[in-house]
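Good morning, and thank you for the time. I would ask you to keep the sequence and the structure in view while I speak.

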Amino acid sequence: MPKNSKVTQQEHSKEAVTESVASLLALEQPMDYKNSQMSMGLSPGVTAPGKGLLPSPDGDGEDGRPAWNNKLEYILAQVGFSVGLGNVWRFPYLCQKNGGGAYLVPYVILLILIGIPLFFLELAVGQRIRRGSIGVWNYVYPQLGGIGVSSLMVCGFVGLYYNVIIGWSIFYFFQSFQYPLPWAECPLRWNGSQAMVEPECEKSSATSYFWYRQTLNITSSIDDSGGLNWRMTLSLLGAWIIVCLAVVKGIQSSGKVMYFSSLFPYVVLLCFLVRGLLLKGAVDGIVHMFTPELHRMLDPLVWREAATQVFFALGLGFGGVIAFSSYNKRDNNCHFDAALVSIINFVTSILATLVVFAVLGFKANVMNEKCVVENAEKILGYLNTGVVSRELIPPHINFSHLSSEDYNEMYNVILTVHDDDSFHELGLKTCLLEDELNKAVQGTGLAFIAFTEAMTHFPASPFWSVMFFFMLINLGLGSMIGTMTVVCCIIAFFLGLLFVQRSGNYFVAMFDEYSAGLPLTVVVLLENISVAWIYGTDRFMQDLEDMLGFRPHSYYFYTWKYVSPAILIVLIVATVIDMFFIRTPGYNAWSEAEGMESLLFYPPWALAMAYALIAAALLPLPIVFLARRFNLLSDGSNKLSVSYRKGMMKDISNLEERFILGKGPVEAPSPSPAHRPYLGPGGTQEMTNTNYGTSTKTGYQNIGSPESQL
């Protein structure tokens, strides 16, 4: 928005905005309808015939609403909200897990079919109605007002554990100011005058030991809480303080923060990419990424995970997209915004994946060389003791400069000569680069184990570690700004103590899997249905034409009407079948004795807690529907905002003054905006419903009329 616009001028001329970006998810700020004007230049309360089919509570005039200082600030806010930690570790993990380049094909297809259209839908609805996720759906269709409440519930669940990850990043950030890095080597345990490597670390690795034992100090199961981890508790407190400071003044503060938090990660990713490409083996990792396993494209699970990732990558259903867009001018080109932010999000995922695979390619080469050296030493020992005949060693092999190919040639010869039992006793391992590249590490493990291990081999490793974890803090902060207020931060810290117990990592995994996936898919499906089927795609397309000045391509009509709902329904059904009928719910628990993770099943109480998260997020949908269906909860369509009442009283005073001065009633301003009824599906008859209050008209708000404040 230009800095000399009316809305911005009003923002600078009045008192500072204290409303947070996410406050529209709960409490709507009253609007002054007296001063609002439609963008078509009409007088307040006047609408052009046949225009504005989807009611706009205000317009682009001076309605007292906070506004973005400029378009760049808004785009950075949307990018910061949608681009998060999932782009850095979840997308690369899924790409590695599901066949490299073969995963990119379904991802791009689903991004085009459901990602961009639904992202455009949320942007358009928020900008047109200029309210948050609760107010928007109350306004479009009151009986589905629970959509916004469910979004708020999911935001709360995700925010609780998401900031724990930021806390982990803060801990690693401060630990990075050491050389060598504290996770570079296994610690020593002293037994009298004799030093020995910590057994748990020796069985796993230095980075795994630092993560599970020194950072999390994790218990062996979710049943054993182990008490609070004081270091993680302080890190979590620091994370919430940072978020609180970022949102304390709403979009005036968070908008400025976005300039740094949205742009800095790209600087770091580009630096890592350049540095990674200079490392030995980086090309091997990138080639592995783009080498498609075509048979994986026939696996339904690959398509389901691609759809879920598209869904989460753009932040659909969280309400933040709607809240941010509600601060725009009514004629802002949200169609361009949707395409731009979606492309930036996808490019960011590809960039992060290139960085990850370059680093993993380097790590795979380091680990492969280590494997060759360790097993070559075993073979030399067997040659010296006569266990293995020297005649089995090809003459061209030089043990002082042994390549992976030479070692595997020796390995295959020894394997051919020795029988299975005798070969097994030798304890030799294959050292294939492909095997190292195929070792998928999910989620937090990618950042706090695989990446940290690779950085220990970087020159100036503390510098790169500081940059990497500072980037993670900024990525997490950009997403958290869109969903939290100051009060929420204080409450969420105490609720978040659940995740900083010694068993807290297991609860993070539970919330990540159960609190958002299925509920958000249902929320977005209902958003799609309420606009495309209840309100009407034809009307919505007309609204967009009135708002944007052009009619969007018919591609959006068919995706909103048929394609997106069908894909979302299939995704929901597949998720329910997998969750409740195919896969036994479990989690990866750390075994101190074995120095590795093992799969454990959730105990009954934990499983009940996981399902309760889903139920709690979805419960507002039927409650609000039934309450308004049976007139137990008013939709608030007959309630005026405070600012509107003040404006109307001022108009009445002006009206009295005009009559006192002898002016005719024709010159007097209207004490209230002109009302236009919401039209039913037929478009010609006013929808009626006796369920809302004493009026025979439905609770759908009228064009130009002030809607209720939630």
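I begin with a network of salt bridges that links R304, E513, D578 and R583. Please bear in mind throughout that this is a predicted model.

R583 and D578 form a salt bridge, and their closest N and O atoms are 3.2 Å apart. Are these two residues buried or exposed? D578 is buried, because its relative accessible area is 15%, under the 20% limit for that class. R583 has a relative accessibility of 32%, so it counts as partly exposed.

In total, the count of salt bridges comes to nine. Two further pairs deserve a moment. As a general point, side chains of opposite charge can pair when their charged atoms come close.

One of these pairs is K71 with D337, whose side chains meet in a salt bridge at 3.0 Å, N to O. This pair links distant parts of the chain, since K71 is in helix 2 and D337 in helix 14, 266 residues apart. D337 has a relative accessibility of 0% and therefore counts as buried. K71, at 28%, counts as partly exposed.

The other pair is E200 with R213, where the side chains meet in a salt bridge at 3.1 Å, N to O. E200 lies in helix 7, residues 199–203, and R213 in helix 8, residues 206–215, so the pair ties together parts that are 13 residues apart in sequence. Here both partners are buried: E200 has a relative accessible area of 5%, and R213 has one of 12%.

I now return to R304, a member of the network, because R304 is also one of the buried residues of helix 12. Helix 12 runs over residues 300–313, and its 14 residues should span 20 Å at 1.5 Å a residue; the end C-alpha atoms are 20 Å apart, which agrees. How many of the 14 residues are buried? Ten of them are, and the helix is mostly covered. Besides R304, the buried residues include E305, T308 and Q309, together with V302, V310 and F311. What do the buried residues of helix 12 pack against? Their partners are helix 2 (71–82), helix 3 (85–97), helix 4 (101–129), helix 14 (334–385), helix 22 (517–548) and helix 23. After helix 12 comes G315, which has a positive phi, near 70 degrees.

Helix 23, one of those partners, covers residues 554–582. Its 29 residues reach 39 Å from the first C-alpha to the last, close to the 42 Å expected at 1.5 Å a residue. Where in helix 23 is the kink centred? The kink is centred on W560 and amounts to about 50 degrees.

I turn next to the annotated site. The UniProt record, an unreviewed entry, carries the annotation "binding site" for G80, V83, N87, N345, L475 and S479. These positions are spread over 400 residues of sequence, yet they cluster in space, with a largest C-alpha distance of 13.0 Å.

V83 is found in the loop between helix 2 and helix 3, and at 5% relative accessibility it counts as buried. Setting aside neighbours within four places in sequence, V83 is in contact with Y266, A313, N345, T348, L475 and S479.

S479 has its place in helix 19, residues 461–481. S479 is buried as well, with a relative accessible area of 12%. Not counting residues up to four places away in sequence, S479 touches G80, F81, V83, G84 and Y162.

Finally, a word on confidence. The mean pLDDT of the protein is 76, and 77% of its residues reach 70 or more. Which elements have the lowest and the highest mean pLDDT? Helix 1, residues 6–13, has the lowest, at 39, and helix 24, residues 604–618, the highest, at 93. Two stretches stay under 50: residues 1–62, for which the model has 188 contacts beyond four places in sequence, and residues 636–710, for which it has 141 such contacts. Where pLDDT is low, the predicted coordinates should not be read in detail.

Thank you for your attention.

How values were computed. Residues are numbered from 1 along each chain as its sequence is written. This is a predicted model: local features need pLDDT of at least 70, side-chain atom pairs count only at pLDDT 80 or more; totals for chains, interfaces and linings use all residues. Side-chain values use heavy atoms; hydrogens and water are left out. Helices (H or I, at least four residues) and strands (E, at least two) are DSSP runs, numbered from the N terminus. The expected span of a helix is 1.5 Å times one less than its number of residues. The bend at a residue is the angle between axes fitted to the seven residues ending there and the seven starting there. pLDDT is the predictor's confidence in each residue, from 0 to 100. Contact means heavy atoms within 4.5 Å. Buried means under 20% relative accessible area, exposed over 50%, partly exposed in between (1.4 Å probe, protein chains only). A salt bridge is a side-chain nitrogen of Lys or Arg within 4 Å of a carboxyl oxygen of Asp or Glu. UniProt positions are given in the numbering used here, feature names are shortened, and annotations may be inferred rather than shown by experiment.
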